[in-house]
Amino acid sequence: MELLYLTILLMFVVTLLILFYMHKSPFTDPNLPPGKMGYPVIGESLEFLSTGWKGHPEKFIYERIKKYSSQVFKTSIIGEPTVMFCGSACNKFLFSNENKLVVSWWPDNVNKIFPTSLETSSKEEAKKMRKIFPQLLNPQALQRYIGIMDTIAQRHFASDWENKTHVTVYLLAKRYTFWLACRLFMSVEDPNHVAKFAEPFNLLPPGIMSMPIDLPGTPFNKAIRASKFIRKELLKIIKQRKLDLAEGKALPTQDILSHMLFSCDETGQHIAERDIADKILGLLIAGHDTASSACTSIVKYLADPKIYQRVYQEQMEIAKSKSPGELLDWRDVEKMKYSWNVACEAMRLAPPLPGAFRETINDFVFNGFSIPKGWKLYWSANSTHMNPECFPEPEKFDPSRFEGKGLAPYTYVPFGGGPRMCPGKEYARLEILVFMHNLVKRFKWDKVIPDEKTIVNPMTIPAQGLPIRLYPHQP
């Protein structure tokens, strides 16, 4: 069996090599940015990915900036000719030219793992989602969510943290953010039902960033199978919700799923069940992966007693102002200013998503270099977050950076920027702050592995998931 797999893999690689050499080389323009394309097909993918696996995602960027004396350089990643755009000026250019010169782009793995239909692509589905996001995540809707977030957080800490001496933060943060997403998007809150979804969801990110080899046991194959399972379960929930709405057992305004069932597309037709399943799937992924990475990084930096004490004081003032059993509300969250500065600094040092791709839709010239149509562009959060010109002493954890007049434009980009800025940014802020509130009023802690490295795979996470020792506060 192993010999069969090796033979198929060899045939796959040979086919890619043949296709690569059959096409006219896109690298012959004399005015391209400096850089090298690496090996045929795989390019410099291994170097790019391995720096993240080894805990130094910025290394790939800064080594080449130094080597080429340029913040724009060419490479080849996951089989695509790519130009790296590094720095605030590059961020400004890309974010300002969305849908003019560049559009968002994902590897082909995404369309294969998340097939929408024969007529549409995941890119088109994402555009539709961005149109309805403002309706779903506007300030009025978010204010209604805070009490629910607090309820879920209290249940989460009661079941998964209390009466424990040691926990692994990343696993529990994912459980919290996923439980919350299931409750707010679909009104699914039974822990057993949530757990049934959570396990296959954990197989999706590794598949997206893997080689597209659809053989049993590969990350890509596991991700495809997980996506099919999740979509099948979502369709069951959607069909049941339609019956409940028809019988008056559910409310049209109770969650995002009900909202979608009552919504219409551009032609005035109700959205098809399969399309709703695709959209909910996308929301569940967006609603918990990056937030769980951020929550984990925050816990890591709150292990510093000085940082912890200021957050604790701020959160306990809010806790003492509440009546017994009273839930957090919008006014409480608005008081968590230092806590949010801590969260922002944690996301500067460990951006949940270190960067993202764009695709050029027209030829253009930037910094004197020709960028051909069809090439991929990659912007990196670390190129500014770890730049001493943007953030003095960039390795130092300093929440005061976010006080006063704020930061220079296009330097702090954990949520992207421009038209493509994450539409769930405010949702993420609320779920993170509710998590911090419920955590610090219950526990102090220290790290089991003091110097645990941070890796990217593909989210930014501690290599061992951040195991900590818990010290509950006395009543």
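Colleague: What share of the contacts in the protein with a separation of 6 or more comes from residues 24 or more positions apart?

Modeller: This is a predicted model, in which local features need pLDDT of at least 70 and side-chain atom pairs count only at pLDDT 80 or more, while totals for chains, interfaces and linings use all residues. Residues are numbered from 1 along each chain as its sequence is written, and side-chain values use heavy atoms, with hydrogens and water left out. With contact meaning heavy atoms within 4.5 Å, residues 24 or more positions apart contribute, among contacts with a separation of 6 or more, 69%.

Colleague: How many contacts beyond near neighbours in sequence does the stretch of residues 18-25 have in the model?

Modeller: The average pLDDT (the predictor's confidence in each residue, from 0 to 100) is 85, and 87% of the residues score at least 70. Over residues 18-25, however, the pLDDT is below 50. Beyond near neighbours in sequence, the contacts of this stretch number four.

Colleague: How are helix 13 and helix 16 oriented to each other?

Modeller: Helices (H or I, at least four residues) are DSSP runs, numbered from the N terminus; axes are lines fitted to C-alpha atoms over the stretch in contact, with angles from 0 to 180 degrees between N-to-C directions. The axes of helix 13 (residues 273-302) and helix 16 lie 9 Å apart, at an angle of about 105 degrees. Angles under 35 degrees count as roughly parallel, over 145 as roughly antiparallel, 65 to 115 as roughly perpendicular and the rest as oblique. Helix 13 and helix 16 are therefore roughly perpendicular.

Colleague: Which residues of helix 16 meet helix 14?

Modeller: The axes of helix 14 (residues 305-320) and helix 16 (residues 337-349) come within 8 Å and cross at roughly 140 degrees, which means that helix 14 is oblique to helix 16. On the helix 14 side, the residues in contact are Ile-307, Arg-310, Val-311, Glu-314 and Gln-315. Their partners in helix 16 are Lys-337, Tyr-338, Ser-339 and Val-342.

Colleague: Is Ser-69 buried or exposed?

Modeller: Ser-69 has a phi near 50 degrees, a positive value in a residue other than glycine. Ser-69 sits in the loop between helix 3 (58-68) and strand 1 (72-77), strands being DSSP runs of E with at least two residues. Buried means under 20% relative accessible area, exposed over 50% and partly exposed in between (1.4 Å probe, protein chains only). With a relative accessible area of 70%, Ser-69 is exposed.
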